[in-house]
Amino acid sequence: MNENCTISDLNDGDEFVGFYVLRRCELKEFDGGFRLDLELSDSTGTLPGVIWDDAHNYMKTLKKGVVVKVKGRVGSYRDRPQVRIEKIRPADEDEYVPESFIPSTPKDIKALLERVHSMVDTIEDKYLSQLGKLIFDNPQFIKEYTRSPGGMKWHHPYLGGLLEHTVGVVEICDFVAQQHTDLNRDLLVLAALLHDVGKIKEISATTVIDYTDEGRLEGHIIIGERFVRNMCDRIEDFPSKLKMLMSHLMLSHQGHREFSSPVEPMIPEGFVLYYADEIDSKLNALGKIIAKTTEEEKKWSAFNRILKRYIYADMNETEEDTQE
């Protein structure tokens with residue numbers, strides 16, 4: 001019997017006892033009876049599970065998002081791993097550490113944060129500099145900013161993901177501004193640092209990553225734009241036009257109305273921010289797809305519905321290439 005194994009360590013045939021987050025819990029009818037379909041998760045992955053007996057009673061005590069203690073055996077169903085659960089109960093709070101169930105950025109948080117502060121220090125515009133320091137010198141804000149995920153599932157879906165993504169976007173924007181000196185670099189850099197700030201309130205990260213009520217009802221674009229506008233209002237004589245341009249960049253950074261942008265980019269800095277955001281988020285998502293495909297020892301990924309294509313993952317040098 002394996003105890004306290006991570007999901008990535010579990011193999012077909014393993015019997016185990018451990019603590020996991022319940023990401024899904026659905027009662028399903030089959031052959032005149034009922035089963036309970038579950039999905040277990042920790043920081044290393046997810047694994048479907050099933051309870052065949054007494055499903056109704058278990059359903060009364062279980063709900064999505066709780067940490068559960070599970071005794072089960074790994075098997076397979078339709079050629080995919082599945083846990084047959086023998087026992088399951090909600091865990092007591094003193095039995096687990098919440099952060100152990102959510103993955104974190106592999107990058108150095110301290111180094112990423114230093115890069116953010118160094119970028120703020122390069123802003124020369126009097127008012128934008130004040131705005132950047134007002135926000136990024138706030139310890140409570142920094143605590144939330146550095147912990148927040150960058151997304152739900154598609155890109156940077158882990159603790160510190162927002163910070164990692166932000167640095168990726170601002171580096172691209174800064175590079176483009178160096179090549180195109182007619183751009184308002186200060187405006188672009190600060191907007192890049194703040195473009196996804198609304199995700200701090202949109203997404204919660206306790207034992208699972210999920211939307212908050214505010215996040216579902218308003219979305220991170222509106223939440224972030226309102227936050228930045230309120231910060232501008234705290235700075236004496238902050239120019240109304242500059243505030244309007246900051247708002248435009250916050251509202252348009254997802255590029256298209258069908259991607260939830262209230263408006264589309266209408267200034268050059270808006271186009272740069274949109275494409276920088278696209279590059280960094282897409283490359284992170286592609287990295288996860290390729291890593292999963294490689295782990296499965298396949299050349300091609302499964303069909304990706306978001307990208308509407310397969311992704312080729314076999315990019316290593318071949319023996320023939322090496323000999324050349």
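**Pocket and cores**

Reply: Helix H11 gives the most to the lining of the second largest pocket, with five residues. Helices (H or I, at least four residues) are DSSP runs, numbered from the N terminus. The model is predicted: local features need pLDDT of at least 70, side-chain atom pairs count only at pLDDT 80 or more, and totals for chains, interfaces and linings use all residues. Residues are numbered from 1 along each chain as its sequence is written, and side-chain values use heavy atoms, with hydrogens and water left out.

Me: Which residues lie nearest the centre of the second largest pocket?

Reply: A pocket is an open set of points on a 1 Å grid over the protein atoms alone, where a 1.4 Å probe fits, with protein on both sides within 12 Å along at least five of seven lines; lining residues have an atom within 4 Å of a point. Here, 33 residues line the second largest pocket, and Trp-154, His-155, His-220, Gln-254 and Phe-259 lie nearest its centre. Helices H7 (199-202), H8 (213-218), H9 (220-233) and H11 (268-295) each give two or more residues to this lining.

Me: How many residues has the largest nonpolar core?

Reply: A nonpolar core is a set of buried (under 20% relative accessible area, 1.4 Å probe, protein chains only) Ala, Val, Leu, Ile, Met, Phe, Trp, Tyr and Cys residues joined through side-chain atoms within 4.5 Å. The largest has 45 residues, and Leu-131, Phe-136, Leu-190, Leu-193 and Met-246 have the most contacts (heavy atoms within 4.5 Å) inside it. Helix H6 (185-194) gives the most to this core, with eight residues. A second, separate core of 20 residues includes Leu-47, Ile-51, Val-68 and Val-70.

Definitions and conventions:
Buried means under 20% relative accessible area, exposed over 50%, partly exposed in between (1.4 Å probe, protein chains only).
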